[in-house]
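Today I'm looking up a strand, a helix and a loop residue.

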Amino acid sequence: MFIEELSLELDYVAAGLSEPAAPAFTGYILKNSKEYCAGRLRPAVLLCPGGGYAFTSDREATPVALAFLAQGIDVFVLRYTCAPQGEFPMQLCQAAAAMRVIRKNAAAWHVDAKRIAICGFSAGGHLAASLGVFWNSPLLKKRKLGGEDCRPDGMALCYPVITSGQYAHRGSFNSLLGARAGDREMLSLLSLEKQVTSDTPPAFLWHTWTDDAVPVQNTLLFASALAEAGIRAEVHIYPEGSHGLSLGNELVCSGEGIRPELQDWVSRAADWAKAL
């Protein structure tokens, strides 16, 4: 078995994009060996790094992709457009278009088309959850996106930005909305705990109790909304740790950022993805 790295393109017209705002979209695929895994289908994850919608973090991109690959899961990293080059719903369109590309090519890439999750960190968690709640919305359909081929089969949300209310990470919403950051209707729409329905896919969430940038209430509010809608969720709250820990190991962290007690989140998320 070996890894194939793919530099992929999205349909700019369908996603409402222009070349200057084009995202970077990279696939990491475990190729089958005729010796012991011929014909094997694997789960896949569309990975959205965080960065407050102002940038996409290197720490939450390739290192995390390699960790999932080690668990037997194919990964597609979306470095979506950030402020000031793009505002909502550009990032949502990019995520939907990326999901469509993965599902369209599932057979060729030996991906199980019924086990394609989206994973996001911090603001990337907001993007991942946005596709989870808006995958079939008029917001996407009027841009020739949305529908079953854009629906994630699950959402892995890592210390996600969720709410625009009391516990909001204001910087993320300011970057996402730009001049519309004070628009109450838009802020309500993007407070994702309000958008969960029975069509929302199942979720895996983790957060640290002491996160002082994106409060743990973001995860708790979303988990509560999922429970109210009857959506399955697996939730892990770790007692200590700052924001943006990624893998929590020496590869991406130093000092107090190295947290052995939460490094199991990757294997837990991988088991969850395999069981979708």
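This is a predicted model: local features need pLDDT of at least 70, side-chain atom pairs count only at pLDDT 80 or more; totals for chains, interfaces and linings use all residues.

I started with strand β2 (residues 24–31): six of its eight residues are buried, so the rest of the structure largely encloses it. Buried here means under 20% relative accessible area, with exposed over 50% and partly exposed in between (1.4 Å probe, protein chains only). Helices (H or I, at least four residues) and strands (E, at least two) are DSSP runs, numbered from the N terminus.

Residues are numbered from 1 along each chain as its sequence is written, and side-chain values use heavy atoms, leaving out hydrogens and water.

Next I checked the partners of β2. Strand β1 (residues 2–8) runs antiparallel to β2, joined by seven bridges, and Ser7 sits opposite Thr26. Strand β4 (residues 74–79) is also antiparallel to β2, with five bridges; there Tyr28 has Val75 as its bridge partner. Two strands pair if DSSP finds at least two bridges between them.

Then helix α5 (residues 170–177). I found Ser172, Phe173, Ser175, Leu176 and Leu177 buried, and their cover includes α2 (90–104), α3 (123–134) and α6 (184–189). Gly178 follows α5 with a positive phi, near 60 degrees.

Last, Gly241, in the loop between β8 (233–238) and α8 (265–274). Why does Gly241 count as buried? Because its relative accessibility is 4%. Leaving out residues up to four places away in sequence, Gly241 touches Thr208, Thr210, Asp211 and Arg259 (contact means heavy atoms within 4.5 Å).
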